[in-house]
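Reader: Could you take me on a close look at one part of this model, starting at the surface and working along to the aromatic side chains?

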Amino acid sequence: NSIKLVNCIAFYTSYIFDEKSKVTLSDINLINYKKTSVKKILFNRTAACSATVILENNGLIGLLSVAHVVSFPDTILTYFSNLDGSFSQYIQSISIKNRQSNYAPDFPNSGELGIILMDKNRDIALLGKKFSPDETRLVQTFNYKWGYSSELEWGTFVYAFGYPMNYKMISKAIVSISDKSKNTFLIDAAFNKGFSGGIVLAIRDGVPNFELVGIVKSVPAEYVDIIKPLTKEEGTEINPMIPYKGDVYIERQQIINPGITKVIAIESVKDLFLEHKDELIKKGFFFKNLFSPDSMKSSTAAKN
């Protein structure tokens, strides 16, 4: 029950330029692109991930997840194409992020969460918010030990928990060791969108001695461009036997290659939190089992 689904949505305003205007990247800071543009479009981007409540302190909630799902770009640029299909130097549109919302549906007050700490290189994010103690008294916190992925071996059985395709699921998997220097390892768990940020537990000396050894990161994927109808009236079907003559657009879709799931080693999470220990404590996020002197000694010993 400490594992939550987190939905993310970013709202953008896009300004479209005429190709004749020949706007380049160096021009963007010199012109009023709102007036130079010929069209304005509002759109949003959405994503979902799994997150685990790792702290509850008098109403203050902290959830561990991945950075790549919650880190929408502030600015998106698209470029006109040359005759050979390559991108030209002239900007077709600039899209500015107006605001972003991250929320856990079963949290109080719409479950809005802020980004407390984020490291894009490690792909780790700590989400959180201060609620009233009454609102969080029923929130369950993950209460198992943080282990050491460095002690995993080829063929070790682990369990992965998360929200693939918005379904809360548990999956059993086998570990394959990749490059330990990159603080990642592989498991053969089935992966779908929404599983990123889910936790991976190993067992030490039998059940119920679970230990947190990592968080689900990603899976190999390919992208394909698909031509789709721009609009379709509700309740109507497109006859595939008749050529479609309406407007179309290109949609980029992700094709997941299942069976190979990359996991972020829990040591990477520990290192990030310890590097930002003072900042986290100042914000009220004190992780007793991690920030205590004994825990820091054991973590250093395990590394050595």
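Author: Happy to! A nonpolar patch is built from residues with over 30% relative accessible area and no salt bridge, with their side chains joined within 5 Å. Please keep in mind that this is a predicted model. Here, Ile227, Ile238, Tyr244, Val248 and Ile250 make a nonpolar surface patch of about 490 Å². One of these residues, isoleucine 238, sits in the loop between strand 14 (221–229) and strand 15 (248–256). Its relative accessible area is 39%, so isoleucine 238 counts as partly exposed.

Now to the strands. Strand 9 (residues 157–162) runs antiparallel to strand 10 (residues 169–176), and six bridges join the two. Phenylalanine 161 has isoleucine 170 of strand 10 as its bridge partner. Six residues lie between the strands of this hairpin, and methionine 165 takes a positive phi near 55° there. Strand 9 also pairs with strand 12 (residues 199–203), again in the antiparallel sense, over four bridges. In that pairing, valine 158 stands opposite alanine 202 of strand 12.

What about the aromatic side chains? The structure holds eight aromatic pairs. In one of them, the ring centres of tyrosine 15 and tyrosine 33 are 5.4 Å apart and the planes meet at 65°, so the pair is edge-to-face. Because tyrosine 15 lies in strand 1 (residues 3–16) and tyrosine 33 in helix 1 (residues 33–36), this pair ties together parts that are 18 residues apart in sequence. Tyrosine 15 has 9% relative accessibility and therefore counts as buried.

Tyrosine 159 belongs to strand 9 and phenylalanine 210 to strand 13 (residues 210–218), so the pair links parts 51 residues apart in sequence. Tyrosine 159 is partly exposed at 22% relative accessible area, whereas phenylalanine 210 is buried at 18%; the cut-off for buried is under 20%. Both rings belong to one aromatic cluster, formed by Phe142, Tyr144, Tyr159 and Phe210.

Tyrosine 15 leads us to one more residue, glutamine 92, which touches Tyr15, Ile16, Phe17, Thr78, Tyr79 and Phe80, leaving aside residues up to four places away in sequence. Glutamine 92 is placed in strand 5 (residues 87–103). With a relative accessible area of 33%, glutamine 92 is partly exposed.

How values were computed: Residues are numbered from 1 along each chain as its sequence is written. This is a predicted model: local features need pLDDT of at least 70, side-chain atom pairs count only at pLDDT 80 or more; totals for chains, interfaces and linings use all residues. Side-chain values use heavy atoms; hydrogens and water are left out. Two strands pair if DSSP finds at least two bridges between them. Patches are made of residues with over 30% relative accessible area and no salt bridge: like charges are joined within 9 Å, nonpolar side chains (Val, Leu, Ile, Met, Phe, Trp, Tyr) within 5 Å. Accessible areas come from the Shrake-Rupley method with a 1.4 Å probe; for residues, only the protein chains shown count as cover. A salt bridge is a side-chain nitrogen of Lys or Arg within 4 Å of a carboxyl oxygen of Asp or Glu. Buried means under 20% relative accessible area, exposed over 50%, partly exposed in between (1.4 Å probe, protein chains only). Contact means heavy atoms within 4.5 Å. Rings of Phe, Tyr and Trp (its six-membered ring) pair if their centres lie within 6.5 Å; planes under 30 degrees apart count as stacked, over 60 as edge-to-face and the rest as tilted.
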